Every structure is written in C-alpha cells, then in structure tokens.
Amino acid sequence: MHRLSAALLLLTAFFLPAAAQILWLEKEYNFGSFPEEGGPRTGQVRLVNIGKEPTVINRVKPTCGCTVAGFTEGLIAPGDTASVWFTYNPAGRPGRFNKSIKVYTGATNDMTSISLIGTVIGSKSTLAANYPVDAGPMRLSTTALDLGKVIYGRARHEYISGYNQSTDTLHLRWTPIPAPLSLGVSSKEVAPGDIFTLGIYVNSREEHETGPVDYSFTLYPFEGDQDGHLIKITGEIIPDTSQMSEQELRDAPSAMVYPTVIELGDISASDKPRKVEFTVRNEGRSQLNVSRVCLPGSKAFEVKQMPSHIKPGKEHKVTGMVYPDRIEGEGPFALEVQTVSNDPLHPSRIVRIVGTLKTLKR
C-alpha cells in the first residue's frame, strides 16, 4: 500500500497541478455514545475532487494507537468521490474522546485534519479497575489521597479522577476546603459517560507547623444535593534541612520514643478507655520542642499529658487514652500515634498501639 502511494505521489508530481482542489464533505465524525462492550466502531469521511485534474490521497496518519485508518487508493478523477475510513478501539477507554487523523493529498502533500469524537460508556470491569470507588452517580479513583512527605515551603499537586455513571449531567460542587488546599476541576458539568479530574494543590507554607496533616472535604454530584462523598487527604509536612549546615544538624535536638509498641491484647468496643504511657527522650544537643502528640485521621486516641520542652539528655512521659469504641473495624488493629517535634531529621516519631478488637456477642 505504501509503495503504491509513493509511486502515485511521484506520478502526480509530473501530471497533476501544484495544488489540488478538494472539497471535504465531512471533516468531523461523531461516533455518539456507545458501550465499550460493543467493541471497535468504524466510520468514514468523504472528499470530492472539484478540480479539473485528477488527484490522489497519499497517506493517512492517526494520532493515537487507539485508531487505525485506511483510504481510497489510486487517482481520483475530477468529480469523483473518495473516502477515508477509520476504526476506534474503546477497550479500557471510558469517557469522552477527541482524536484526529491527518490526511495528506495531492502533489504538494497538503495535510487535512479529521476529528473523531464520541463517548464510550465504560464496562463494569474497566470502571472497577480505573475508578474503584462507587460513589452513587459517580465513580472515583480514590476517596483517600496520601500526599506522603511534603517538604515545608514546597507545594504538591495531586489528582483524583472521576466518571459519571448516571444518566444525568453532574453539577459538581464541594464544601469549603482548608486553607492549605486549593481545588480545581476539569469541568463542573459532566455529561453521562464522561470523565472528570479533580486537581488538588497543597501549599505547605500555609501550615503553621510540621508533622502529620489531615484534610477533608465533601464532594457533591448535584446542585442542592445533601448526599456527598467525603474525600480525605493525609500526609506529613517535614522540615527543609537542605539549608542546614553539618554543624547545625549535629547541634540539633534528637527525639526518641520508647516503647515503640504498646500491646493492649484483646479488647471489646464496650470496654472502658485504656490508659497508655510512653516516654520521649531528647538525645540531641539543644532543646527539643514537642508541638503535638496525635493519631492522624482518628479519634481513637487522645493525649492527656505531654511535655512541651525537653532539655538535652532528659526525658518525659506522655499519657493518653485509647477509646475502644472509636476503633474502626474488627480484628487486629495498629494505632500509629505520632510525636511531632523540632527534630530536623526525625520530625515525627511513632508509637504503635496494637491489639485485637473482639466481635461483640449477640
């Protein structure tokens, strides 16, 4: 096919005018909405040679591997019609698409771009793989986003993808979000079968201290809807030690905690709160400032007593309460209580409170 096209292009260089006169009957093809399970869809567009000399389609080039294309080969006489046909493969590609095919014609190899648009209604298996969270009229890639470690003074940009699995157009809105976050969406109005992206921007400079962070907001699919879906965002803001000298790091405070594991054994949700204690020691050369002791994202632990300042070589106890009725789920659990301080190398030290939450007998 390619050798024949090359030969025809060579012939047109001698026998065809420099610029062919072509009328495209269509420059866009709309597949409409169709199910992914139906497999590949095929369409075509047409052109007419309105000139006085024959012309030729030299080649076609899809811009995406999801599309294959072909065309009418040979000379196109004046007044004749030729076609470009194409097949779009929707496998694993739910949502709206906008692809293009480049068509090269005539002795001067003029290029025309053909747009292919449509919406793929995703299969259950594809939606479950790409958007595992079923959120009523929506499907979401996640509702729990972990930022990991974010250096103070730097920003982090993360994304959550979504899909409209309803038969109505979504009108996305959300509750007010915490100051360190900024939220944007690719489109607040999302047609049935279409996809959307939530962009979440985190500005760590708006946090007043380092340590674990726990943000949340509620995403609503429709205007006036009271049934939204909670989006949780966790992470840890850590100090920027890149500007500290080796001497400053040697002279800095250094936090240690012990024991690092507290075993509660078998407990029941009906049990009374359990008192726990652990020790924080400063093994550094300057004062250790403890800003908080917390269990991010949970109310199962509350600190009752903690030190605020610990001199070098000294230690102090932390006292807290574990509330069995606030532990989520049943079976083995591990509560990671974090001690946040001004230790530049280890700004957060973890004590794990472990045990097994027994099922209540009925």
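Hi everyone, let's start at the largest pocket: 17 residues line it, and K149, E236, I238, P347 and S348 are the ones nearest its centre. Please keep in mind that this is a predicted model, where local features need pLDDT of at least 70 and side-chain atom pairs count only at pLDDT 80 or more, while totals for chains, interfaces and linings use all residues. Residues are numbered from 1 along each chain as its sequence is written, and side-chain values use heavy atoms, with hydrogens and water left out.

What do I mean by a pocket? On a 1 Å grid over the protein atoms alone, a pocket is an open set of points where a 1.4 Å probe fits, with protein on both sides within 12 Å along at least five of seven lines, and lining residues have an atom within 4 Å of a point. The largest pocket has a volume of about 250 Å³, where volume is the space filled by probe spheres set on the grid points, which are joined across faces, edges and corners.

Which strands supply at least two residues each of that lining? They are strand 11 (144-151), strand 19 (229-238) and strand 28 (348-358). Strand 11 gives the largest share, four residues. Strands here are DSSP runs of E, at least two residues, numbered from the N terminus. By class, the lining of the largest pocket has seven nonpolar, six polar and four charged residues. Nonpolar covers Ala, Val, Leu, Ile, Met, Phe, Trp, Tyr, Cys and Pro; charged covers Asp, Glu, Lys and Arg; the others, Gly among them, are polar.

On to the second largest pocket, with about 200 Å³ of space. Its lining includes K232, the run L295, P296, G297, S298, K299 and A300, and also R326. Five nonpolar, two polar and four charged residues make up that lining.

Strand 24 meets strand 26 (residues 315-322) over four bridges, and E302 stands opposite M321.

The other open sheet also has four strands, in the order 2-8-7-4, with mixed pairing. Strand 2 (28-35) and strand 4 (57-62) each have a single partner strand, so one side of each is left without a neighbour in the sheet. Strand 2 runs parallel to strand 8 (residues 110-121), joined by six bridges, and P35 has I121 as its bridge partner in strand 8.

Technical notes. Pairing = 2+ DSSP bridges.
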